[in-house]
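Dear colleague,

I am passing on a structure that will be new to you. Please have a look at it first; my notes on what was found in it follow below.

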Amino acid sequence: MELSVSRLFPVSVFCRILALFLLLSLFTSVHADPTPQGGAANSTGASRTLTIAVANSFRPVAELIAAEFSQRHNVQIQLASASSGVLANQILHGAPFDLFLSADSARPALLVDRGLAYADSRLTYARGILVFWWPPGGSHKGGEPRLKQLNDVSRLSIANPRTAPYGEAAKALLQGQGLWTSMQKRLVRGAGASQAYQFVASGNIAAGLLPQSLLLQGGVEHDYLVIPQELYPPLAHQAVVIKNGKAQLARQFLQHLLGAGQNVLAEHGFYPAASFASTALHRGAD
């Protein structure tokens, strides 16, 4: 006799179990030193843990900011990274995050609309930068590519537009250049921005439309063009505090991100949040 999963578990319970299982492969932790700055160890503070879902493109910067916050406040931080769409879907199915750092504004807005996040906590913390990367290889000798050369590449790597904001930006750019339809057979879609970057970095794909942040993390300083901002929708990276989590601690991290954390954005491929209208932070209940 065959048993269906739906008979063993209610669908909602099964979705939550599946979401939690997927999270096991995404988590890493940033630990505080046993003794916080300027004082003795605090047993209560040392036990605090903040769980943050962070978009792939912002992961390298989030690690730096989380390490500093952890050091200052004696907090352990767990980071889980994937595409913004995947993370939002996990939160919709009950994934136990305290804070969501998305690479767009649509997913945080969705979580607020569904009653899963605090509306007053949704704010822009950075703005992403899209680049056209074409490393030397084959007939291409390297150097900064030109926008019109998009149509010259044999295969072009982008993040999946359905789940990744940088994929949406790449699609908008190609549509604006009249290339989206004609290049379909040459497009290779990564599950997220990180995989799209790896396709090019490994040499398997000739070029890509990618986040500048991932190139800088990989030590790439040449052979790419920063796409003019007016050619694709703004990549407003927004954050939102998740309900039923550690809201007060999450808001404290956001304050740090919008303060000292802004100092590292430019050197890691992002525009600061100051380019957007500021949103006030309000304390919420845990």
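In helix H6, which spans residues 106-113, Arg107, Pro108, Leu111 and Val112 are buried, where buried means under 20% relative accessible area, exposed over 50% and partly exposed in between, with a 1.4 Å probe and protein chains only. These four cover an arc of only 145° around the axis, and they therefore sit on the same side of H6; the arc is that of the directions from the helix axis to the C-beta atoms. The face turned away from that buried side carries the exposed residues Ala106 and Asp113. The buried residues of H6 pack against H5, strand E4 (99-101), helix H7 (165-176) and strand E11 (236-241), contact meaning heavy atoms within 4.5 Å. Just after H6, Gly115 takes a positive phi of about 80°.

Please bear in mind that this is a predicted model, in which local features need pLDDT of at least 70 and side-chain atom pairs count only at pLDDT 80 or more, while totals for chains, interfaces and linings use all residues. Residues are numbered from 1 along each chain as its sequence is written, and side-chain values use heavy atoms, with hydrogens and water left out. Helices (H or I, at least four residues) and strands (E, at least two) are DSSP runs, numbered from the N terminus.

Helix H5, residues 84-92, contains Asn89, which counts as partly exposed because its relative accessibility is 40%. Asn89 lies 18 residues from Arg107 in sequence, and their C-alpha atoms are 9.0 Å apart in space.

Turning to the strands, E2 (residues 49-55) is mostly covered, with 6 of its 7 residues buried. E2 and strand E3 (residues 76-82) pair in the parallel sense over 7 bridges, two strands being paired if DSSP finds at least two bridges between them, and Thr49 stands opposite Gln76 in E3. From E2 the chain crosses through helix H4 (residues 59-73) to E3 in a right-handed β-α-β crossover, right-handed meaning that, with the strands pointing away from the viewer, the path from the first strand over the helix to the second runs clockwise. E2 also pairs with E4 in the parallel sense, over 3 bridges, and here Val54 stands opposite Leu101.

Elsewhere, 5 strands form an open sheet of mixed pairing in the order E8-E7-E9-E6-E10. Its edge strands are E8 (187-190) and E10 (224-226), each of which pairs on one side only.

With best regards
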